[in-house]
Amino acid sequence: MHGNWRSLEVDRRDLRTTRVVADDLDVTTPGQVLFEVSRFGFSANNVTYASLGDQLGYWNLFPAVGRWGRIPVWGYLRVVSSAVPGVEEGRRAFGLCPMSTHVLLRPGHLGAATFAEESSHRAGLSSVYNVYSWADTDTEPDALLVLRPLFWLSFMLDDYLAQGEPGTGVVVTSASSKAAIGLTWLLSRRGVPVTGLTSAGHAGFVADLGHYDQVLTYDEIQTRPPSGAILVDVAGNAALRERIDRRSGHRLAEIIVAGHTQHGAGPAAPQAGDDRTVSFSAPQRIRQRAADWGWPVLEQRFITALRGFAATASSWLQIERSYGLAGAAAVYRQVLDNTTPPATADVVDLTAQSLGRQQCVTSYAVTFPTCCGSSPPDALTRWLCRPPPVHGTRLPRRGWNQRSSWRSCGDKLLALLVSCAGGDVILTTNGPGPAGHRLGIARARVPD
Ligand SMILES: NC(=O)c1ccc[n+]([C@@H]2O[C@H](COP(=O)([O-])OP(=O)(O)OC[C@H]3O[C@@H](n4cnc5c(N)ncnc54)[C@H](OP(=O)(O)O)[C@@H]3O)[C@@H](O)[C@H]2O)c1
């Protein structure tokens, strides 16, 4: 059995480089099941899987050849063909998948609710990553799909912190991340004062949430954190931790490294000999609590809290749906570059039906020679959208959705577009550009 199976891969040594490759999957091997990947969420969490891929073994989840890697994402899958008795075609599951149209898994320990992925390359990874839940449908709301993996961190951190001194203040970095917001929502319900540290561009958003007692930008860390406060470092930035600790007179009670959103800031892990700093692993804490409480109790408590958080988050969370592997590549690039607004929850839909229905929606990147004045986006958008907008394809204003982004990139202006064009040659511009410059001809090929 052969099909049009493709995967989005990133260069493990240069995360900005991606490619889409054809997969030749052997689906006849006994013990294996071919799944179609239907829908997944994407956030900085997935970029962390890539940036810590070598250190924490995430590249082993879905091995690729040579220097390439497949970033794991949490999403829904559907059985296309099965060489495992008891696993029927059409059955759906939720768990980790690659950004691929299809994936081969080796399900074992088949239960009514779950199965375990038992490929040898997965040995040594936490069971949390290897367990898949059977799902009747994949109609779970997009918001829950995105929040679920992140809120596990929020939920287990809150559980961990609840064991300490009541009322101890908490300082959280990358305060605009969904994991940090979820944690702060939980802490504030217990009356724990929380200071959020964030970048200048996100401070307004974080303050408007109303969950943090205080919001400071990274440049504003002049306020002395209360003695005995706990620092939760979601940014994973050792220099920033040191700065905050110094500011507190080295009187932070504990420093918890819980994420690595600032993947360009060097290693996140605590240095040897630093006994106030610990690395926090949600999977480890999940395993511990599952042993203490039993999985059904843990899961029920988690789901109740997740639904409460999602209900609150509906006032600010904005779902952005993208389609196909090209859409996934565009979303990945924006999250990697930190150009995604913090309110955005990205969902990528790979189902054939959605691609059929939305076949005019696709994402791609085009480079133009630098030619624009002070406000390239507006100028260029206006120019391209005026009739006849482009030669060879129609590009109505609607095609330039909120995701379109513009940056100077060396001597190029990079335009990331979501347009209504399908087919190979997406955009041909050959008229005078904004400010009287010529754009020349830009062509983009949709990788899938
Ligand atoms: N320890 C665990 O077991 C565990 C479990 C789940 C998640 N996590 C971690 O939690 C972190 C947050 O994940 P999330 O999905 O909730 O994130 P998210 O919502 O996508 O976070 C976006 C925010 O992260 C910061 N950020 C993102 N990319 C950045 C970049 N390239 N440079 C600098 N800052 C950047 C920015 O926050 P600011 O401007 O506010 O800094 C941005 O607004 C991830 O590192 C993830 O791996 C850990």
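**Note on the ligand shell and the sheets**

1. Let me start with the ligand: the residues of the shell around it divide into 11 nonpolar, 16 polar and 1 charged. Here Ala, Val, Leu, Ile, Met, Phe, Trp, Tyr, Cys and Pro count as nonpolar, Asp, Glu, Lys and Arg as charged, and the others, Gly among them, as polar. Please keep in mind that this is a predicted model, in which local features need pLDDT of at least 70 and side-chain atom pairs count only at pLDDT 80 or more, while totals for chains, interfaces and linings use all residues. Residues are numbered from 1 along each chain as its sequence is written.

2. Who sits around the ligand? The ligand is surrounded by 28 residues, and the closest are Ser 43, Ala 44, Thr 48, Ser 177 and Gly 259. A residue is near a molecule or strand if its C-beta atom, placed from the backbone, lies within 6 Å of it.

3. Helix H1 (44–51), helix H4 (142–161) and helix H5 (178–189) each supply at least two residues of this shell. The largest share, 3 residues, comes from H1. Helices (H or I, at least four residues) and strands (E, at least two) are DSSP runs, numbered from the N terminus.

4. Domain 1 (6–140) and domain 2 (144–286) both give residues to the shell around the ligand, so it lies between them. The domain bounds come from an automatic or database domain assignment.

5. Now to the strand pairs. Strand E1 (residues 6–11) pairs with strand E2 (residues 14–22) in the antiparallel sense over 6 bridges, and a hairpin of 2 residues joins E1 to E2. Two strands pair if DSSP finds at least two bridges between them. E1 is also joined to strand E4 (residues 68–69) by 2 bridges, again antiparallel. Val 10 has a bridge partner in each neighbour: Thr 18 in E2 and Gly 69 in E4.

6. There is also an open sheet of 6 strands, ordered E13-E12-E11-E14-E15-E16, with parallel pairing. Its edge strands, E13 (214–217) and E16 (277–279), each pair on one side only. Strand E15 (residues 254–257) runs parallel to E16 and is joined to E16 by 3 bridges; the partner of Val 257 in E16 is Ser 279.

7. Helix H7 (residues 238–247) packs on that sheet, touching strand E11 (170–172), strand E14 (230–233) and E15. Contact here means that the C-beta atoms of two residues, placed from the backbone, lie within 7 Å. The direction of H7 makes about 165 degrees with that of E14; axes are lines fitted to C-alpha atoms, for helices over the stretch in contact, and angles run from 0 to 180 degrees between N-to-C directions.
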